[in-house]
Amino acid sequence: MTNKIRIGIIGCSTIARNSTIPAILESNNVELEHIGSRSNNKSLEFSKIFNCKKCGTYDDVINDKDVDAVYISTPVGNHEEWVLKSAKAGKHVLCEKSSTTSFYSAKKMVNEIKENNVRLMEGFMYRFHPSHQKVKKKINDKIIGKIFLFSSKYGFPPISKDNIRYDKSLGGGILNDAGCYPINASRMLFDSEPRGVFCNLTIDKETQVDTKATLLMDFNDNIKSQFSVGYDLDYQSNYGLWGSDGSLSLTRSYNIPPDMPARLNIKNSNIDEEILIEPVNHFQLMVESFCNEIMKPNSCIYNFEEDLLNQAKIMEACRISDKEKRYVETREIEKYEN
């Protein structure tokens with residue numbers, strides 16, 4: 001391996017084209033080595049756009065000895081297949097969120113990763129934005145007192161039903177697409193895992209995918225997390241925290257353009273202020289952190305694989321909660337094998 005990670009692309013998606021590949025090209029510790037698609041025309045198109053000399057199929061990418069790691073941006077329902085194949089080929093994996101469609105699948109992926117001595121990160125780019133570290137510092141400094149509630153909204157205007165988000169077989173639906181973000185943010189900000197979850201999904205009759213979701217998560221110390229996500233809504237991407245002595249809110253919490261400052265508003269008996277956090281490219285920060293961890297293990301502030309499994313466990317609890325119409329304790333999930 002060189003002093004830069006040579007990365008191959010598995011999946012010529014919109015997010016790969018608009019965000020992740022441009023971030024790779026801007027990153028200091030990675031080189032774009034190979035682009036793969038199901039369609040040769042698509043991989044050739046991307047290779048011309050990004051001036052990449054190698055292009056071909058997914059298998060071409062994972063069989064390329066010059067590729068150290070892969071970025072997977074196929075539909076969620078296909079993640080397991082290509083994570084397993086990439087791991088067996090000795091490639092480190094940066095996989096788009098949500099990692100997969102079940103906790104059992106996530107365990108298979110992590111076991112394969114460990115057996116082949118490679119790494120697997122779930123691609124939550126938002127968490128690398130410095131705004132969230134600013135929020136965590138305010139929490140730790142007790143600026144708003146004892147935390148009672150995390151609340152969030154993340155939703156989008158209408159999306160065409162021929163979009164993969166409406167394809168159940170490919171892992172479509174709002175929970176995998178957007179609900180994963182406030183679940184992850186709650187866990188990140190509280191540095192703990194929820195004891196249980198209640199989830200209600202709105203199912204589209206035509207496609208049978210979930211188009212809206214409302215969740216309640218219960219943490220230790222009487223801390224709650226509640227949020228709603230959905231399609232066919234006014235665009236929202238925010239979260240807030242309510243405590244015994246005040247409150248704070250962060251705008252554009254989950255997907256903020258690289259040229260836009262984040263706005264953190266804080267209120268208590270002594271403060272009513274807005275803090276602007278300088279614009280950054282959180283996709284670039286994610287890519288660089290992933291590559292740093294490969295070259296210098298334990299350089300990241302969290303364990304990739306452990307976090308992926310914990311996230312998948314909560315996602316599974318949400319699916320079971322909606323299906324069985326009840327509160328699901330997270331300790332129950334280990335018994336669900338598929």
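Reply: Let's start where the helix stops: aspartate 191 follows α7 and has a positive phi, near 50°. Keep in mind that this is a predicted model, where local features need pLDDT of at least 70, side-chain atom pairs count only at pLDDT 80 or more, and totals for chains, interfaces and linings use all residues. Residues are numbered from 1 along each chain as its sequence is written, and side-chain values use heavy atoms, with hydrogens and water left out.

Now step back into helix α7 itself, which covers residues 174–190. Helices here are DSSP runs of H or I with at least four residues, strands are runs of E with at least two, and both are numbered from the N terminus. With 17 residues, α7 reaches 23 Å from its first C-alpha to its last, close to the 24 Å expected at 1.5 Å a residue; that expected span is 1.5 Å times one less than the number of residues.

What about its surroundings? Because 17 of the 17 residues of α7 are buried, the helix is largely enclosed by the rest of the structure. Buried means under 20% relative accessible area, exposed over 50%, and partly exposed in between (1.4 Å probe, protein chains only).

For contrast, look at phenylalanine 198, in strand β8 (residues 196–203). Phenylalanine 198 is partly exposed, with a relative accessible area of 35%.

Elsewhere, a hairpin joins β11 to β12 through two residues.

Definitions and conventions
Two strands pair if DSSP finds at least two bridges between them.
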